[in-house]
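Hi,

Here is the structure I promised to pass on. Please open it alongside this message; my notes on what turned up follow below.

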Amino acid sequence: MIRILLAEDEEAMRTYLARALENAGYDVVSVDRGTAALPLLETQHFDLLLSDIVMPEMDGIELAQRCGEISPATKVMFITGFAAVTLKANRDAPQAKVLSKPFHLRDLVLEVERIFGNPSQALI
């Protein structure tokens, strides 16, 4: 089963995204900030880091860079509501997919499926 580490500081969004991904068949561990994600990346295996870009303490771009050092096989996908931040993310982490808010949960699941090349049978 594909494991996803979700870093999103907004509680309602974190719950919403985690539920959608779990319903699509993914194993999701969620945290409310990048600094909470680092120890998990050091001690557990994740196939995907799904991170908001704008978060307190450590932004998603720095988290992705640290993830690349700690767990280079972990793929990265950003979610953000800020267009200017999207441009920075594309420049600083060019191998990462960026999904801009607002997006439909189906779009999120489809992007994750594209990353791993395995369409789910779940309906959102």
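Strands β3 (residues 48-52) and β4 run parallel and are joined by five bridges. Within that pairing, leucine 48 has lysine 75 of β4 as its bridge partner. Between the two strands the chain passes through α3, and this β-α-β crossover is right-handed. One caution before you go further: this is a predicted model.

On its other pairing, β4 meets strand β5 (residues 97-100). Four bridges join these two, again in parallel. Here methionine 77 has lysine 97 of β5 as its bridge partner. How enclosed is strand β4 (residues 75-80)? Five of its six residues are buried, so the rest of the structure largely encloses the strand.

The whole sheet

Five strands make up an open sheet, and the pairing is parallel. Their order is β2-β1-β3-β4-β5. Which strands are at the edges? They are β2 and β5, each of which pairs on one side only. From one strand to the next, the twist averages 20°. Strands of a sheet pair through backbone hydrogen bonds, either parallel or antiparallel.

At the β2 end, five bridges join β1 to β2, and these strands run parallel. Leucine 5 stands opposite valine 29 of β2.

The helices

Helix α1 lies across β1, β2, β3 and β4, and runs at about 170° to β2. Helix α2 lies across β1 and β2, at about 140° to β2.

An α-helix has 3.6 residues a turn, so residues three or four places apart point the same way.

Glycine 68 is in helix α3 (residues 60-70). Its relative accessible area is 39%, so glycine 68 is partly exposed.

Helix α5 (residues 105-116) has twelve residues. From its first C-alpha to its last it reaches 17 Å, close to the 16 Å expected at 1.5 Å a residue. Which residues of α5 are buried? They are Leu105, Leu108, Val109, Glu111, Val112 and Glu113. Note that two glutamates, Glu111 and Glu113, are on that list. The cover over the buried residues of α5 includes β1, α1 (11-23), β3, β4 and β5. Glycine 117 follows α5, and its phi is positive, near 65°.

Salt bridges

How many salt bridges does the structure hold? There are six. Aspartate 27 lies in strand β2 and arginine 3 in strand β1, so the pair ties together parts that are 24 residues apart in sequence. Aspartate 27 is partly exposed, with a relative accessible area of 27%.

Arginine 33 takes part in a network of salt bridges that links Asp32, Arg33 and Glu57.

Arginine 33 counts as partly exposed at 23% relative accessibility. Aspartate 32 also counts as partly exposed, at 31%.

Best wishes

Methods. Residues are numbered from 1 along each chain as its sequence is written. This is a predicted model: local features need pLDDT of at least 70, side-chain atom pairs count only at pLDDT 80 or more; totals for chains, interfaces and linings use all residues. Side-chain values use heavy atoms; hydrogens and water are left out. Buried means under 20% relative accessible area, exposed over 50%, partly exposed in between (1.4 Å probe, protein chains only). Two strands pair if DSSP finds at least two bridges between them. A crossover is right-handed if, with the strands pointing away from the viewer, the path from the first strand over the helix to the second runs clockwise. The expected span of a helix is 1.5 Å times one less than its number of residues. Contact means heavy atoms within 4.5 Å. A salt bridge is a side-chain nitrogen of Lys or Arg within 4 Å of a carboxyl oxygen of Asp or Glu. Axes are lines fitted to C-alpha atoms, for helices over the stretch in contact, and angles run from 0 to 180 degrees between N-to-C directions.
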